[in-house]
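Subject: Structure handover

Hello,

Here is the structure for your files. My notes on what was found follow below.

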Amino acid sequence: MSVQTPERVAASPGTRGAAQERRDGVRAMAPMLVALVPFAVVVGTAVAQSDHRLAAWLGTSTIYGGAAHLAVLDLTSAGAGWVAAAAVGLLINMRLAAFATSLVPEWRSAPVGLRLAAGVMLTDIPWALSRDRRGQRQFYLGAALTLFVAWPVMVTAGMLLGGWLAQLAVTAILPALSLGALVAPRVRARPVAFAVSASAVAALATAGLAPGVALVICAVAGVAAAAVGGGRAS
Amino acid sequence: MNVLLAVLVVGTGSLLLRVVPLLFARRLPDRVAAYAEHAGVAVLAAIVVRAVVLHQNPDLPGAPLVALTATAAGLVVAYTGRSILLAIATGGLTYAAITAALTGSL
């Protein structure tokens, strides 16, 4: 039995057409956008309430992570200095380095421009979606580009339309639920089950800590548990 | 000015975090990528747990428990391989139903 590495899959002439892969990526992202609307409204409301709206809005595409963006806006509006706000924002976005590093085997052989584009548009949901379509670079690009275009539009709409939707408590769990729904089917794999279990325990233990620090601790716990209990790779 | 500086620093830093591993992809061993994969999954799981544990709803007693029930319902649907949208809808509707039953509003 031959081993299909991600690079072989990507280069395989038997794979479906690039355009079809991209369309699949767009289709896969569509329901996630629906789940992200409330979160985008929350971020948009925070942007609208900022003292420096334009600067705050710029973070939509540059920070490109709702949790880090919100933390930066919350801290600056509460009077914290830019150094403290930036430190917290960067800690929360540290996970992006792990996402990018995990993509390396599939993207190693891609042209540098394509790798750059993949990195610029990388965030939680495109990464999680691509884990079931390893080696299908165009699928990832389709999904990532959809969110990269839609997210600023959704946040801007949230700024303009007000926060009535964000006041519905149910909307607070939808973004996390959408991430969890992407991870749940993968728990059947032993290393993933170990990583998720250890991370969940760590998350409970660190719930009182700031999100950036807590997420780093959870990542370390997950990696250690996967290495000890489930082997090196999933 | 504080907002602008913070956004610029976090934006630039976040861009580097996303791009640098991919730009230096030829130098990164697969073993590191495998560990990073587990770190990514662990972080997503932690985000879900934190969202449940820290969930707040002033009108709803035991709001984290309601969030836990709703999230669990959605995740079970996802685990069985159903569509993501169905999983999210199940979680959201479960939350709305429990909230409506307990408080009479969403």
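Two residues are taken to be in contact if their C-beta atoms, placed from the backbone, lie within 7 Å. This is a predicted model, in which local features need pLDDT of at least 70, side-chain atom pairs count only at pLDDT 80 or more, and totals for chains, interfaces and linings use all residues. Residues are numbered from 1 along each chain as its sequence is written, and chains are lettered from A and ligands numbered from 1 in the order in which they are written.

Chain A first. Its domain assignment gives domain 1 (6–179) and domain 2 (189–234); such bounds come from an automatic or database domain assignment. The C-alpha centres of these two domains of chain A are 22 Å apart. Eight residues of domain 1 of chain A are in contact with seven residues of domain 2 of chain A.

Next, the contact between the chains. Chain B contributes 66 residues and chain A 89 residues. On the side of chain B that touches chain A, α2(B) gives the most, with 23 residues (helices are DSSP runs of H or I, at least four residues, numbered from the N terminus).

Last, the largest nonpolar core, which has 123 residues. A nonpolar core is a set of buried Ala, Val, Leu, Ile, Met, Phe, Trp, Tyr and Cys residues joined through C-beta atoms within 7 Å; buried means that 20 or more other C-beta atoms lie within 10 Å of a residue's own. B:Ala42 and B:Ala46 touch the most other members. Helix α2 (residues 30–53) of chain B gives the most to this core, with 16 residues.

Regards

Technical notes. Buried ≥ 20, exposed ≤ 12 C-beta atoms within 10 Å, placed from the backbone. Helix = DSSP H or I, 4+ residues; strand = E, 2+ residues; numbered from the N terminus.
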